[in-house]
Amino acid sequence: MDSFDFIIVGAGSAGCVLANRLSADPATRVLLLEAGGRDLSPWLHVPVGYFKTMHNPAFDWCYLTEPDPGIAGRQLQWPRGKVLGGSSALNGLLYVRGQSEDYDRWAELGNPGWAFADVLPYFRKSEDNQRGADEYHGVGGPQKVSDLRLRRPIAEYFIQAATEIGIPRNDDYNGENQEGVGYFQQTAYRGFRWSTARSFLRPAKGRANLKVLTNAQVTRLRLEGKRVVGVDYRRGGKDESALANVEVVLSAGAINSPQILQCSGIGDPAQLKTAGVEVVHELPGVGRNLQDHLQIRLVYQTSERTLNDELNNVFKRALVGIQYILTRSGPLTLAASQVAIFTRSSDDVERPDIQFHMQPLSADKPGEGVHPFSAFTSSVCQLRPHSRGEVVIRSPDPLAYPAIHPNYLSDPRDFEVAVGGIKVARRIAEAPALRDRIVDEYVPGRQYQSDAELLEAARQYSQTIYHPTSTCKMGVDADAVVDPRLRVHGIEGLRVADASIMPEIVSGNTNAPTIMIAEKAADMIMEDSR
């Protein structure tokens, strides 16, 4: 049985960062275990490749939620990366940190060291921003952050319409103030996706003290009493084990990290007994506190030509491919959205509580092709939902998928924000810059008018925006799973470092904050192991 100082479970947005930082000391032996394969497919490196990789079992866990009463009993597909780079290898590439108040709130909840002033240096440390360095941005870090290489007129009209209803123009939502409308930045460089496998893991893979195993799914933690001493994993149909002299770090994400804990007997005793797992350590918060951003998609059919027209024409599709090959620009560099808006669902909200993702195209979902008419998508999500869900194993089988209960729109406080978001979207569509270019509201449709009808539209036409978090939340309360240094409560030799530790979901996309969490975790791990 091989022995290492540190074993990192999951080579995703957080795990690749940890592998790089912890193995920087040549005296430290690090094992990185990834359940998926290597990132060899070209579609993992072309930015728009998410149309090919999401919902593809070669790269995606292809999770499916349980029927959810809050969204009319529907089940949603929850893509999660199962490949080197994890979800950063198939996400929408959008680089968003959230609001400074999010992190100050983490600190207020009993997590010293996690206020915005504490975490900003880690954001800057990882970043290599095309725009250069300033108080809020860094250069020279592994993670490339760049401006979009695709602009379309309909996006400009959308921005103008937003300003016409009073939303300020903001060209840096990751700067001093998030509120406003502007273009997204993305985790890409010269027309290529820059996943954490590419940014953090690739430069470290040649180190003699770092071992990376793919197609190695961790099944359980190895415990001696209340101390984790290693992991069991399955690779090539064989069960294998590895020992950790110092620590095991779970970076398997908001679904897999709690699943591994529960399969190892760490969690809520009643749930574990129901699943047929022997209780090793009572920690009721494992798998609870699940949060996600639920997006309500509005699709507007337009007289203005959009990307739908280019992608529905065989000749123009060929030109798109040639443009990318020759210049690394054009539609194949498309991030999941072009335009970001952070604004308020009503005038009495203290800070932005809704986010828009505007795309100069429309489709029912990734991989199914665009609609056969000119259109754009205006998706709006609630940034800080009150609804909470859970992830819970069904059986002792560590290879069986857990039950995912998002419990969307289960808290009545979320109703008003959902309705308010649709109303803001319609106000933008009715502003002078867009009004005469819109033919019809294709989804959800003008038949939804009253607040009750708009809430029903939210239940019927909403989708995940792929931001599950908080199932191993950091804190000191009864439901906390890790302490402020990310050590699992009551268990030695074990930490969690990924999006699951967020006490509350951040006000924006979650990839950049997950990278930050791993950067900070690496420093804490090295400090505590000296």
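# A walk through the predicted model

At 46% relative accessibility, Asn 215 counts as partly exposed, since its value falls between the limits of 20% for buried and 50% for exposed. The model in which this residue is seen is a predicted one. Asn 215 is placed in the loop between strand E11 (210–213) and strand E12 (216–224), and its phi is near 55 degrees, a positive value in a residue other than glycine. Most residues other than glycine have a negative phi, and most peptide bonds are trans.

Asn 407, which is not a glycine either, has a positive phi of about 55 degrees, and its place is the loop between strand E22 (403–405) and helix H11 (413–429). With a relative accessible area of 27%, Asn 407 is partly exposed.

The backbone also holds a cis peptide bond, which runs from Val 443 to Pro 444 and has an omega near -5 degrees.

The structure holds 16 aromatic pairs. One of them joins Tyr 448 and Tyr 461 in an edge-to-face arrangement, with 6.1 Å from centre to centre and 85 degrees between the planes. Because Tyr 448 lies in the loop between strand E23 (438–443) and helix H13 (451–461), while Tyr 461 lies in helix H13, the pair ties together parts that are 13 residues apart in sequence. Tyr 448 is buried, with a relative accessible area of 16%, whereas Tyr 461, at 30% relative accessibility, counts as partly exposed. Elsewhere, ring pairs link Tyr 103, Trp 106, Trp 114, Phe 116 and Phe 123 into a cluster.

Lys 82 lies over the face of Trp 61, at 4.4 Å from the ring centre, and the charged end of Arg 198 sits over the ring of Phe 192, 5.1 Å from its centre.

Turning to the helices, we can begin with H7 (residues 253–263), where 11 of the 11 residues are buried, so this helix is largely enclosed by the rest of the structure. Among the buried residues of H7 are Gly 253, Asn 256, Pro 258, Gln 262 and Cys 263. Just after H7, Gly 265 takes a positive phi of about 90 degrees.

Helix H1 (residues 15–22) and H14 pack at an angle of about 35 degrees, with their axes 8 Å apart, and their crossing is right-handed. From H1 the contact is made by Val 17, Leu 18, Arg 21 and Leu 22, and from H14 by Ile 515, Ala 518, Glu 519, Ala 521, Ala 522, Ile 525 and Met 526. These contact residues of H1 and H14 divide into nine nonpolar, no polar and two charged.

Leaving aside residues up to four places away in sequence, Thr 510 touches Tyr 466, His 467, Thr 469, Met 502 and Ile 505.

Definitions and conventions: Residues numbered from 1 in each chain as written. Predicted model: local features only at pLDDT ≥ 70, side-chain atom pairs only at ≥ 80, totals over all residues. Heavy atoms only, no water. Contact = heavy atoms within 4.5 Å. Phe/Tyr/Trp six-rings, centres within 6.5 Å; stacked < 30°, edge-to-face > 60°. Helix = DSSP H or I, 4+ residues; strand = E, 2+ residues; numbered from the N terminus. Buried < 20%, exposed > 50% of the residue type's maximum accessible area, 1.4 Å probe, protein only. Lys NZ or Arg CZ within 6 Å of the ring centre and 35° of its normal. Axes fitted to C-alpha atoms, helices over the stretch in contact; angles between N-to-C directions. Left-handed = near helix turned anticlockwise from the far one by under 90°. Nonpolar A, V, L, I, M, F, W, Y, C, P; charged D, E, K, R; others polar.
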